[in-house]
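Dear colleague,

Please find below the structure that I am handing over to you. My notes on what was found in it follow directly after.

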Amino acid sequence: MNDADAVLRLAADLVAIDSRSSVSNLPLAERIEAELTGFDIARVDYADANGVAKRALVAHRGPKGGLALSGHMDTVPDTGWTDPWSPRVVDGVLHGLGSVDMKGPVAACIVAARGLPESVPATLLITTDEETSKQGARAIAASDAARALGLRGIVVAEPTGLLPVRGHRSHIEYTAVATGVQAHSSTGQGTNANWALIPFLAEMKAVFERLRHDPAYHDAGYDPPFSDFNLVIDNHGTAVNVTVAKATVRIKFRRSRNVDYAPIEAAVKDAAARTGVTLTEKREGTPPELPADHPLVALAVRETGQAARTAPYGTDASELQDLAPCIVMGPGTIATAHTPHECVAVADLVAAVPLFRRMLAATPAG
Ligand SMILES: [Zn+2]
């Protein structure tokens, strides 16, 4: 089978297996393992926060010290889809949940690695839970199997149109909870949690404005230069004649590597303490960003003939950078990802194969 047929067949097979982040990915991991005859495979097993069995894979062949290709097995939920796991090709475009984000790119990584001579070091880091907690990438970065490989770099193959992305932001997710007492609102016996929450929200609005307008928090290397500080409010379905027992605010705060946000983080914490709401935070790794003259960036620029850039979204690179320097570069465009129209041009997937092979072959064992 030629590379083009192999990539399409494998991509379609992967799309056909449900691997939303909420379900176990073991069937998909087993399907991928079956493609990797001749590779040493380490299974990195864990249970996610909901107790669901998950598996990430570290697959390696050849000498140590080379480059790894990386992708994730999980997908976002099937919101809006009628047939998410029925892959089909129309006019050279593969449709299906996960086709571009990122089972198609994972198929290209596998076909690229498999087709190299055994003397070329080839590693695949196949994660899961990228769309939620990044737990799979974190587990791989901490695993002895991956650490023992002496990797010199990692290509995270998220769809970038095969343009080299040398850095992106990473986030802190804040959750603030105000507590009240539920009662029929007419009785005067209840306490509405929103009254405790509103002063906190007012302070968060000020933080948002500061990030948006104070140049001290802007990073000219990114578009947009200011940080995302997106706030979502939840009263958990309380009816309008009931006092709210629990009011939850979640905030996604995306940080740039080159900005000192200590005053912003302090402002959020101080506001919570002052207004009596309970604050917790989940923090991704520091924003991964390589300098423009880093050897891995230089290699990607040379092999693609394209300038390196930055991206506003996040990837597993925020965790995998603990293992080795990361760039993000993969086939397809992010435009249809996370929509019920997700698709990828098969030609884009196939074009990644020789590029990935050149990248791996140009990084000799260290
Ligand atoms: Zn993705």
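Asp101 is buried, at a relative accessible area of 4%, where buried means under 20% relative accessible area, exposed over 50%, and partly exposed in between, with a 1.4 Å probe and protein chains only. Please note that this is a predicted model, in which local features need pLDDT of at least 70 and side-chain atom pairs count only at pLDDT 80 or more, while totals for chains, interfaces and linings use all residues. Residues are numbered from 1 along each chain as its sequence is written, and side-chain values use heavy atoms, with hydrogens and water left out.

The zinc site

Asp101 is one of the residues that coordinate the zinc ion: the donors are His72 (NE2), Asp101 (OD), Glu158 (OE) and Glu158 (OE), at 1.8 to 2.4 Å. Donors here are N, O and S atoms within 2.8 Å of the metal (3.2 Å for Na, K and Ca); water is not among the atoms, so sites may look incomplete. Along the chain, the donors of the zinc ion follow the spacing H-x28-D-x56-E. His72 in strand S3 and Asp101 in helix H3 are 29 residues apart, and the pair links distant parts of the chain. Helices (H or I, at least four residues) and strands (E, at least two) are DSSP runs, numbered from the N terminus. His72 also counts as buried, at 1% relative accessibility.

The angles among the 4 donor atoms run from 55 to 147°, and the site of the zinc ion is irregular. By the rule applied, four donors count as tetrahedral if all angles lie between 85 and 135 degrees; four count as square planar and six as octahedral if opposite donors are over 155 degrees apart and all others between 65 and 115; anything else is irregular.

Backbone features

Asp101 is also joined to Met102 by a cis peptide bond, with omega of about -5°; Met102 lies in helix H3. The peptide bond from Asp223 to Pro224 is cis as well, with omega near 0°, and Pro224 is found in the loop between helix H6 (193-213) and strand S10 (229-234).

Lys134 has a positive phi of about 60° although it is not a glycine. Lys134 sits in the loop between S6 and H4 and is buried, with a relative accessible area of 6%. Leu162 likewise has a positive phi of about 60° without being a glycine; its place is in the loop between strand S7 (153-156) and strand S8 (165-168).

The overall fold

The protein has 10 helices and 15 strands. With 366 residues, a compact globule would have a radius of gyration near 21 Å, and the protein agrees with this at 22 Å; the radius is taken over C-alpha atoms, and the globule rule is 2.2 Å times the number of residues to the power 0.38. Of the 366 residues, 51% count as buried. Among contacts (heavy atoms within 4.5 Å) with a separation of 6 or more, 80% are between residues 24 or more positions apart.

The nonpolar cores

A nonpolar core is a set of buried Ala, Val, Leu, Ile, Met, Phe, Trp, Tyr and Cys residues joined through side-chain atoms within 4.5 Å. The largest one has 53 residues, of which Ile32, Leu69, Leu124, Val155, Ile327, Phe356 and Met359 touch the most other members. Elements that each supply at least two residues of this core include helix H1 (3-15), helix H2 (26-33), strand S2 (53-61) and helix H10 (346-361). H3 gives the most to this core, with 10 residues. A second, separate core of 26 residues includes Tyr174, Ile264, Ala267 and Ala272.

In H2, the buried residues are Leu28, Ala29, Arg31, Ile32 and Glu33. Their cover includes H1, S1, S2, H3 and S6.

Individual positions

Thr128, in the loop between S6 and helix H4 (135-142), is buried, with a relative accessible area of 1%. Leaving aside neighbours within four places in sequence, the contacts of Thr128 include Asn25, Tyr46, Lys54 and Arg55.

Asp348, in helix H10, is partly exposed, with a relative accessible area of 33%. Not counting residues up to four places away in sequence, Asp348 touches Pro331 and Gly332.

With kind regards
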